Structures are given as structure tokens and as C-alpha cells.
Amino acid sequence: MRKHLATGAAFLALSATSVLAQDWSGFYAGVGIGNLEVDTSIAGVKENDVAYGIHAGYRYDGGQWVLGGEFEHDWTDIDLVSGDVSVDRVMRFKATAGYDLGRTLLYVVAGTAEVDVDGLGDDWGGFYGLGAAYAVSPRAIVSLELLEHEFNNIGGSGTDADAWSAGLRASWKF
């Protein structure tokens, strides 16, 4: 995972070239698509698939620093054990803190997530990651997020899982 985060950090740093002012304050909502990879504590059980979802949040622009909170819900269909066990969705409550570079916002994200694993049950775990948002216009924003999740004893089954996600998102401020 550290390799993924280092690669993402390098990409985000190279993408931060805008110096035009943008007010990041306000409510926003949008959609996203990406990839979710789940690596379980069961030897050889590691799969990935497309994840898609919705998100909504609020950001406060305090000058150079931007703080925010967000709710995100992603759906997926990751078959882990021959159709008997599959990851169906991930729901996240996020806290973000970022640095305002004008039309580009670089941020860190952390929070709590619930995973729904059909065949095992639900579990809450933590996550952390990096993100970059670019204001295409005063109301339209595109962003990229890289997240690392950790779930322990899913549904009381004794199975743990680490999950890595990369997502491309489109949001609208209102």
C-alpha cells in the first residue's frame, strides 16, 4: 500500500499547477467510479472489481487550508469465494484537510467505513488516504482519491481484510 500512496502522492504533486483563486467553501455532491481491491486474511483470497457510487459533503475554505466532511456510498460486486462470499458495498464517513493551490486542492482523508460482505456480514473499520481536486469551473469539480481500508473480524467470522481503492469523481457545488 505504501507504494500505491507514494505513487499517488507523486501524481498529485505533479498535477498541482494552477494558481487561479477558487473558493472551496460550500456544500457539494456527486458521483464516482473506480477500482476496489480486497485482500483477505484467507490465503490466496484477493480480488478486485469496479466500484461506483455517490458522495455529498461540505468544505470550509480558511485561506490556504481547507477542512471538510463527507459521506460516500460505493457499490461493487467482488466475488471472493466462488459466489458464496462477495463484497457488495462500502459506506464511508470522511474527514478531510487540504492545502489550497488555487483551482487545485491537495488533501488527506481519514475516517470510518462500513463494508457489506454477503456471506459474512457487515463490519466497521478505518481508512486513510490522499486526494486531489481540480475546479473545472466555480461549480464543477473533478477529483482523484486513493484510499487504504482495514477491516477486522468481518461479521464475527474471524476473517480480516485490507482494501485499496482508487476513484475518479465528479462533484457539483451548490
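Visitor: How many residues does the largest nonpolar core have, and which of them have the most contacts inside it?

Guide: The model is predicted, and what follows is computed from it. The largest nonpolar core has 26 residues, and those with the most contacts inside it are Trp24, Leu36, Val38, Leu80 and Val87. At least two residues of this core come from each of β1, β3 (65–81), β4 (85–100), β5 (104–118), β6 (121–135), β7 and β8. The largest share, 6 residues, is supplied by β5. As a general background, nonpolar side chains in soluble globular proteins tend to be buried together.

Leu36 shows what surrounds one of these core residues. Residues up to four places away in sequence aside, Leu36 touches Glu47, Asn48, Asp49, Ala51, Thr76, Ile78, Val87, Val90, Ala163, Trp164 and Ser165. One of these, Val87, is also listed among the core residues with the most contacts. Trp164, another residue touched by Leu36, is the bridge partner of Glu37 in β8. That pairing belongs to the contact between β1 and β8, which run antiparallel and are joined by 13 bridges.

On its other pairing, β8 is joined to β7 by 12 bridges, and these two strands also run antiparallel. Here Leu144 stands opposite Leu168 in β8. Leu168 is classed as exposed because its relative accessible area is 52%, and the cut-off for that class is over 50%.

Leu168 also belongs to a nonpolar patch on the surface, together with Val31, Ile33, Val50, Tyr52, Ile54, Trp75 and Trp172; the accessible area of the patch is about 780 Å². β1 (26–40), β2 (46–61) and β8 each supply at least two of its residues. The largest share, 3 residues, comes from β2.

With a relative accessible area of 42%, Gly155 is partly exposed. Beyond its neighbours within four places in sequence, Gly155 is in contact with Leu120, Gly121, Asp122 and Asp123. The C-alpha atom of Gly155 is separated by 9.0 Å from that of Gly119, and the two residues are 36 apart along the chain.

Notes. Residues numbered from 1 in each chain as written. Predicted model: local features only at pLDDT ≥ 70, side-chain atom pairs only at ≥ 80, totals over all residues. Heavy atoms only, no water. Buried < 20%, exposed > 50% of the residue type's maximum accessible area, 1.4 Å probe, protein only. Contact = heavy atoms within 4.5 Å. Patch = residues over 30% accessible without salt bridge, like charges linked within 9 Å, V, L, I, M, F, W, Y side chains within 5 Å. Areas by Shrake-Rupley, 256 points an atom, 1.4 Å probe, with all protein chains shown as cover. Salt bridge = Lys/Arg side-chain N within 4 Å of Asp/Glu carboxyl O. Helix = DSSP H or I, 4+ residues; strand = E, 2+ residues; numbered from the N terminus. Pairing = 2+ DSSP bridges. Core = buried A, V, L, I, M, F, W, Y, C linked by side-chain atoms within 4.5 Å.
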